Amino acid sequence: MDHVIEARGLAKSFPGAEAVRGVDLTVGAGEIVGFLGPNGAGKTTTLRMLTTLLRPTAGTATVAGRDLTTDPAGVRRRIGYVAQGGSTNPACTAARELVLQARLYRVPDPRARAHELLERFGLADQEIGTLSGGQRRRLDIALGIVHTPALIFLDEPTTGLDPQSRGEVWRHIRDLRDEHGTAVFLTTHYLDEADALCDRILIIDRGEIIGAGTPEDLKRRLSGDIVTVEIDGDARRARDALAGLTAVRSVRAEERTLRITVEHGDRILIELTRALDAQGVLPRSIRLTRPTLDDVFLALTTREAGRAA
Ligand SMILES: Nc1ncnc2c1ncn2[C@@H]1O[C@H](COP(=O)(O)OP(=O)(O)OP(=O)(O)O)[C@@H](O)[C@H]1O
């Protein structure tokens, strides 16, 4: 896979704070990668280094095909960056702001590009100060991609938006990937956002990456799926029959309830019911629960806290 970000040992120290401690990360072309972590974990500092706004104390990175330290101007020309609060002038109109941005990046025919983006992001040409929060965020993203970068950075793109506006912003982010092959590197505090939107997730805590993978991988790796079976009869007898199945990680039996931890719950349900049937055990109900990203996040960050204590 072609990489639009390749960072090795990226670090940033401030007087009295090691904000980022040697981070390795890659982002592939056309990939949506979510960067998660508790407050003060080092997300914004990493993002500001990758977008050339902060100089790393150590490490190397290639971003959009250019070296971060030797060619920061080359990086800036090839990326889009949408800061947390955006940076638009409320008295300016949406089209005017887009035209100015297009001129800044020497985009051919800035007016045509501005109107194309207004249409694509469902925006009218009105004063920016009169836009809703969701419209404003969409305009911020349109401004970030005016020069068709292969990679865009979004710092908390949906913070403060209502669910409907969040959904709209998600749709536009997906379209960037699906229709234009744009890679997206975003920070978020919302685990459901990372789950719904991201191809891959990186979790940072205390300046170090402590977990990485697809949302599904992360959930599976940490806890597995839980199948809860209510039965007629003695759960302990049934437990011994199930514990021998290779896909079963563990079985807990409590009176008439079995809690079975398995790797892929959906693939093992039939095997489970057959094994119970072979023991003459009749399931009254079977429920499959998958861990959420919240469980993963909590497990990882509290483990780190425990280690540091
Ligand atoms: N300019 C600075 N001077 C000193 N310390 C800083 C500076 N910027 C960040 N830090 C410290 O570096 C650490 C990482 O901060 P950073 O803003 O990158 O975290 P974050 O993950 O983006 O947090 P949040 O989710 O709260 O935005 C924190 O301990 C912060 O206090």
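Biologist: What pLDDT does the protein average?
Modeller: This is a predicted model, where local features need pLDDT of at least 70, side-chain atom pairs count only at pLDDT 80 or more, and totals for chains, interfaces and linings use all residues. Residues are numbered from 1 along each chain as its sequence is written. pLDDT is the predictor's confidence in each residue, from 0 to 100. At least 70 is scored by 96% of the residues, and the protein averages 89.

Biologist: Which element has the lowest mean pLDDT?
Modeller: Elements are DSSP runs numbered from the N terminus: helices (H or I, at least four residues) and strands (E, at least two). Strand 4 (residues 58-63) has the highest mean, 97. The lowest, 70, belongs to helix 11 (residues 293-308).

Biologist: Is helix 9 oblique or parallel to helix 10?
Modeller: Helix 9 (residues 235-243) and helix 10 (residues 265-278) pack at about 125°, their axes 9 Å apart. Axes are lines fitted to C-alpha atoms, for helices over the stretch in contact, and angles run from 0 to 180 degrees between N-to-C directions. Under 35 degrees counts as roughly parallel, over 145 as roughly antiparallel, 65 to 115 as roughly perpendicular, and the rest as oblique. That angle therefore makes helix 9, relative to helix 10, oblique.

Biologist: Which strands stand at the edges of the sheet?
Modeller: Four strands form an open antiparallel sheet, ordered 12-13-11-14. Two strands pair if DSSP finds at least two bridges between them. Each edge strand has a single partner, so one side is left without a neighbour in the sheet; the edges are strand 12 (248-254) and strand 14 (282-289).
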